[in-house]
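I opened this model to see what sits around its ligands. My notes follow in the order I looked things up.

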Amino acid sequence: MSEKNIDEYSGRETTGHEWNGITELDTPIPKAIWVFLTVATVCAVIMWILLPSWPLGSTYTKGLLGADERETVKKNLTQANLVREPWEVRMAKTDYSDLKNDNELTTVIMRNGKRLFEDNCAMCHGLDAKGGHGYPNLIDKQWLWGGDPATILETISIGINSGHVDSRASEMMAFGRDGILNVEDRKNVIYFVQSLSNNNISKTVGDEVIAAGAKLFSENCAVCHGENGKGQTELGAPNLTDPFWIYGNDYETISSVLRDGRQGVMPFWSERLSLPERKILSFYILKLGETD
Ligand code: HEC
Ligand code: HEC
């Protein structure tokens with residue numbers, strides 16, 4: 001190979017190999033590739049020295065920096081637990097009345113309460129907790145089951161008609177469908193119920209209708225809704241004399257409630273949310289009601 005083979009078209013040296021009259025140019029590898037390969041190799045060597053890299057049987061080269069993702073995660077977790085523990089302990093000891101003098105606590109509860117409420121409750125009770133048809137308003141200070149912090153916490157934990165062993169049972173009977181009251185009786189009692197929150201009704205339908213309705217109410221409804229119609233929190237029977245309605249107070253709505261009955265379902269949260277989370281929610285609802 002002492003003789004140089006020069007390609008006559010390009011004037012470049014060839015490798016001397018020839019295939020069917022085609023010769024191969026001896027083109028050097030471009031400089032840019034050499035530079036790239038050199039830099040990459042140098043970087044790799046530096047990384048091997050600094051970071052964990054080569055496996056050595058049961059261990060590995062640890063690197064000069066001593067970096068270890070697993071250790072970092074472990075450290076972060078321990079720190080998170082340290083932060084959480086006193087917070088949960090603190091929540092267990094906190095009463096609703098404590099919020100009054102503790103702005104920091106109130107801020108934390110409102111922030112976490114909002115997140116918990118949006119994730120778990122808003123689809124039924126609305127983002128503003130004001131409910132909707134069939135879903136009670138939670139901040140109108142009118143309670144089906146009672147509005148002290150412990151009772152609200154209990155309602156959230158065990159639910160209503162929820163299938164939980166201790167669930168609250170809400171049972172508005174189907175007076176029409178089950179043949180307890182005929183159409184005429186139902187009409188009278190509906191007008192009486194409307195008259196409890198609207199003085200003008202008796203003028204429209206006459207005192208006799210209201211009197212007949214009152215008698216039927218006392219015989220059929222007062223056990224649960226109370227003689228005066230103001231409801232009973234032990235039974236979850238709503239107050240029928242105030243302007244707050246789960247389903248509505250127009251004639252058609254009350255008529256359908258009386259005909260078919262109602263058994264509103266509120267899921268139980270004792271298994272899906274921790275006790276501190278449920279407690280935060282009960283405080284959150286109360287606080288929203290206070291400021292509304
Ligand atoms: C699937 C729909 C649904 C979801 C989700 C839901 N609720 Fe309810 N909730 C109801 C219904 C329906 C009632 C009323 C039941 C009835 O008619 O007796 C109710 C009642 C309540 C009551 C009782 C109100 C009173 O006046 O005593 C509270 C408190 C309550 N919900 C809080 C919550 C909280 C907090 C969450 C989220 C953790 C939540 N609810 C999620 C449907 C729901
Ligand atoms: C066994 C107890 C019980 C009896 C008896 C009963 N109710 Fe109810 N009633 C309830 C409960 C509980 C609810 C709430 C149902 C729910 O949403 O789960 C309710 C709901 C209602 C509502 C809907 C209120 C709203 O806010 O929309 C009306 C109206 C009503 N009852 C009228 C009557 C009338 C009139 C009678 C008598 C003919 C009667 N109820 C008898 C327990 C009772």
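**Ligand 1, polar contacts.** I started with W145, where a polar backbone atom is 3.0 Å from an oxygen atom of ligand 1. I then checked L144 and found a backbone N or O atom 2.6 Å from an oxygen atom of ligand 1. S170 contributes through its side chain, with an N or O atom 3.3 Å from an oxygen atom of ligand 1. I looked up which elements give two or more residues to this shell: they are α4 (122-125), α5 (149-158) and α11 (275-291). I keep in mind that this is a predicted model.

**Ligand 1, the shell.** I counted 27 residues around ligand 1. C121, C124, H125, L144 and M266 come nearest. I sorted the shell by type and got 20 nonpolar residues, seven polar and no charged.

**The iron atom.** Which residues coordinate the iron atom of ligand 1? I found H125, through NE2, and M266, through SD, at 2.0 to 2.1 Å. I noted where the pair sits in the chain: H125 is in helix α4, while M266 is in the loop between α10 and α11. They are 141 residues apart, and the pair links distant parts of the chain. Next I checked the geometry. The iron atom of ligand 1 has six donor atoms, with angles of 87 to 180 degrees among them, and its site is octahedral. For reference, I wrote down that the ideal angles for six octahedral donors are 90 or 180 degrees.

**Burial of the pair.** Are H125 and M266 buried or exposed? I took under 20% relative accessible area as the cut-off for buried. H125 has 10% relative accessibility, so H125 counts as buried. M266 has a relative accessible area of 17%, so M266 is buried too.

**Ligand 2, polar contacts.** A polar side-chain atom of S170 lies 2.5 Å from an oxygen atom of ligand 2. α10 gives the most, with three residues.

**Ligand 2, the shell.** I listed 26 residues around ligand 2, and S170, M172, C221, C224 and H225 come nearest. By type, the shell divides into 17 nonpolar, seven polar and two charged residues.

**The largest nonpolar core.** Which members of the 28-residue core touch the most other members? I found I109, F117 and L281. The elements that give two or more residues to this core are α3 (103-120), α5 and α11. α11 gives the most, with seven residues.

I looked for positive phi at residues other than glycine. K141 has a phi of about 65 degrees, and K141 is found in the loop between α4 and α5. N161 has a positive phi of about 45 degrees. I placed N161 in the loop between α5 and α6 (183-197). The relative accessible area of N161 is 24%, so N161 is partly exposed.

How values were computed. Residues are numbered from 1 along each chain as its sequence is written. Chains are lettered from A and ligands numbered from 1 in the order in which they are written. This is a predicted model: local features need pLDDT of at least 70, side-chain atom pairs count only at pLDDT 80 or more; totals for chains, interfaces and linings use all residues. Side-chain values use heavy atoms; hydrogens and water are left out. A residue is near a molecule or strand if one of its heavy atoms lies within 4 Å of it. A polar contact is a pair of N or O atoms within 3.5 Å; within protein, one must be able to donate a hydrogen and the other to accept it, and residues adjacent in sequence count only if both atoms are side-chain atoms. Helices (H or I, at least four residues) and strands (E, at least two) are DSSP runs, numbered from the N terminus. Ala, Val, Leu, Ile, Met, Phe, Trp, Tyr, Cys and Pro count as nonpolar, Asp, Glu, Lys and Arg as charged, and the others, Gly among them, as polar. Donors are N, O and S atoms within 2.8 Å of the metal (3.2 Å for Na, K and Ca); water is not among the atoms, so sites may look incomplete. Four donors count as tetrahedral if all angles lie between 85 and 135 degrees; four count as square planar and six as octahedral if opposite donors are over 155 degrees apart and all others between 65 and 115; anything else is irregular. Buried means under 20% relative accessible area, exposed over 50%, partly exposed in between (1.4 Å probe, protein chains only). A nonpolar core is a set of buried Ala, Val, Leu, Ile, Met, Phe, Trp, Tyr and Cys residues joined through side-chain atoms within 4.5 Å.
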